[in-house]
Amino acid sequence: TAANSVTVVAEGGTNTTNLQQGLAKQWLNWDGATTIADSFNTTSATDNASGDTTITIANDMASINFAVSALSKSNDNGGVRMATMQFPANQTAIAAGTYRMHCQYDNTTLRDAEMQTASVLGDLA
């Protein structure tokens, strides 16, 4: 039921895992600007500047203590390169319903990638 926890036997057959805790609560695949290819529990991707995006979660998390995993891929004249995703050093936009990501191409350059992905794990409000 909605109020109860679901525990399942893990792949090895001896340990158990909590189903609710193991599910992604929000995810998206976008172009690094504002075009979302596909998503779950995502309201929008706001392009703040090149390589700087604020993601808005449709149904807020319970607190700001959630985990974000992200990857990006860029195509350029040098071939396919993977950029790093990170929280901005001056992270002030994290909230139960938003987080901000930087896509860094090299040690100093922020830029949009052709494909960026992010997912959130944690507790929904």
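## Basis of the model

The model is predicted: local features need pLDDT of at least 70, side-chain atom pairs count only at pLDDT 80 or more, and totals for chains, interfaces and linings use all residues. Residues are numbered from 1 along each chain as its sequence is written, and side-chain values use heavy atoms, with hydrogens and water left out.

## Overall fold

The protein chain has 11 strands and zero helices. Both are DSSP runs, numbered from the N terminus: strands are E, at least two residues, and helices are H or I, at least four residues. Along the sequence the pattern reads β-β-β-β-β-β-β-β-β-β-β.

Of the chain's 125 residues, 30% count as buried. Buried means under 20% relative accessible area, exposed means over 50%, and partly exposed lies in between (1.4 Å probe, protein chains only). Take the contacts between residues at least 6 apart in sequence: 54% of them join residues at least 24 apart. A contact here means heavy atoms within 4.5 Å.

Strands β5 (residues 42-49) and β6 (residues 52-57) run antiparallel, joined by six bridges. Two strands pair if DSSP finds at least two bridges between them. Alanine 49 has aspartate 52, in β6, as its bridge partner. Two residues lie between the strands of this hairpin, and glycine 51 takes a positive phi near 75 degrees.

## Threonine 54

Threonine 54 sits in strand β6. It counts as buried because its relative accessibility is 14%. Leaving out residues up to four places away in sequence, threonine 54 touches Ser44, Ala45, Thr46, Asn48, Thr98, Tyr99 and Arg100.

Isoleucine 94 is 40 residues from threonine 54 in sequence, yet the C-alpha to C-alpha distance is 9.0 Å.

## Surface

The protein chain exposes about 7200 Å², with carbon and sulfur atoms supplying 52% of it. Accessible areas come from the Shrake-Rupley method with a 1.4 Å probe; for residues, only the protein chains shown count as cover.

Leucine 23 lies in the loop between β2 (16-18) and β3 (26-30). Its relative accessibility is 43%, so leucine 23 counts as partly exposed.
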